[in-house]
Amino acid sequence: MSDRSRLSATDPLVADAIADERTRQEQNLEMIASENHVSEAVLQAQGSILTNKYAEGYPGERYYGGCEHMDTVEQAAIDRARDLFGAEHANVQPHSGTQANMGVYFAMLDPGDKIMSLDLNHGGHLSHGHHVNFSGQFYEVEQYEVDPETGYIDYDALETLAEEFDPDMIVSGSSAYPREFDFEQISAVADRVGAYHLADIAHVTGLVAADLHANPVGTADFVTGSTHKTIRAGRGGMILTSEDHAEAIDKAIFPGGQGGPLMHNIAGKAVGFKEAQSDDFAGYARQVVINAKAMASTFRDRGLSVVSGGTDKHLVLVDLRDSHPELTGKDAEQRLEEVGITVNKNTVPGETRSPFVTSGIRVGTPALTTRGFTEPVVEDVANYMVDLLDNPDDDELAEMISREINYLSQEYPIYG
């Protein structure tokens, strides 16, 4: 083996960073709701020789020669995505969930058209029309909100806003809304005002695939999603739609928005989709939701304010303003990370602080569940978290919790 084939010899800085990151993941509890630990099979596919090959176009219609094996891999990913979600057409080339959304917008809208979506502070996503994102710069955007009393989307207010705003597209989906969307109700509103309905299931693709969350395919005009969160496949995005829109979507992705597809990532998607067809994955997805509900219940019992009172899926959004008014989301994130618990600061409905500071934290269970955690262990972790938030300056307590987290990380290794 030549030095060129050994990362440690070619670039020790990068090699060390990768090794350090593996150690960090192994020794810390990853509780960011949008993160997960893929299987070694997915890692092998994503690190494969497929990264060398250009494959512009689609299976059977490539712009370059030598793509027969690329066709095999991409067609497998397409077929498995269609099977998992019951879709007529799947495009698996988007490099991310955001680029999947971009593909739908570019296929169906003109610059200046109107988009209606969930406000970022109420759980929405940047690519749904936030002013710092391309979606908020290319399109006119109005955003609906959750009911401030219940934390649930106010569908009556959504309908009223749609009638007043007259959008060209209504976007459902979120990055920090802990409840299911009523896709049928939103589609009905979209039909009444003559709008398309885009359902972004980035966070819940795995739960939808396992029939644990409502499936918008066949109800919404377009369904987009990430492929590396709850579904635990190769990193990237996908678009699901009907045959009626297939040509427009494919053209918007290539050549409209991307060049050559990342075939190693598509291979990771194909492998992850196959894993998601198994009974083991269905059991995993069920446990993700069970664990999230157990965590929400523990937080409530310990006096934390949980947005909407609980969760239907894989994440819990905690509003710290009532229980810990002096503690920002940024403070909580940093203190928890010091003991080996990784969460992210997050805005909450009615947010008064900067997005860089926030008043809440978002907590997820996909990665913990991949490690094998069940309710009793998750409840222990939730109690450790509250103990630390209640006593953020108690270094002795922090050291004790850090030891417990270290013990759990060794008892439940990621890759054996």
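Which residue lies over the face of Tyr284, and at what distance from the ring centre? Arg232 takes this position, at 3.9 Å from the ring centre; a charge is counted as sitting over a ring if NZ of Lys or CZ of Arg is within 6 Å of the ring centre and within 35 degrees of the ring normal. The charged end of Lys114 is likewise placed over the ring of Phe165, 5.1 Å from its centre. The model is predicted, so local features need pLDDT of at least 70 and side-chain atom pairs count only at pLDDT 80 or more, while totals for chains, interfaces and linings use all residues. Residues are numbered from 1 along each chain as its sequence is written, and side-chain values use heavy atoms, with hydrogens and water left out.

The structure contains 13 aromatic pairs (rings of Phe, Tyr and Trp, the last by its six-membered ring, with centres within 6.5 Å; planes under 30 degrees apart are stacked, over 60 edge-to-face, the rest tilted). One of them, Phe181 with Phe183, is stacked, at 6.2 Å centre to centre and 15 degrees between the planes. Both Phe181 and Phe183 are buried (under 20% relative accessible area; exposed is over 50% and partly exposed in between, with a 1.4 Å probe and protein chains only). Ring pairs also join Tyr105, Phe106, Phe134, Phe138 and Tyr139 into a cluster.

Two cavities of 30 Å³ or more were found in the whole structure. A cavity is a set of points, on a 1 Å grid over the protein atoms alone, where a 1.4 Å probe fits but cannot get out; lining residues have an atom within 4 Å of a point. Grid points are joined across faces, edges and corners, and a volume is the space filled by probe spheres set on the points. The largest cavity holds about 60 Å³, and its lining includes Phe181, Phe183, His203 and Lys313. The second largest cavity, of about 40 Å³, has Phe106 and Met102 among its lining residues. Helix H5 (97–108) contributes the most to this lining, with four residues.

There are 14 salt bridges (a side-chain nitrogen of Lys or Arg within 4 Å of a carboxyl oxygen of Asp or Glu). Arg321 and Asp319 form one with the closest N and O atoms 2.7 Å apart; Arg321 is partly exposed at 25% relative accessibility, whereas Asp319 is buried at 10%. In the Arg335 and Glu338 bridge the N to O distance is 2.5 Å. Arg335 is buried at 15%, and Glu338 is exposed at 54%.

Terms used
On a 1 Å grid over the protein atoms alone, a cavity is a set of points where a 1.4 Å probe fits but cannot get out, and a pocket is an open set with protein on both sides within 12 Å along at least five of seven lines; lining residues have an atom within 4 Å of a point. Helices (H or I, at least four residues) and strands (E, at least two) are DSSP runs, numbered from the N terminus.
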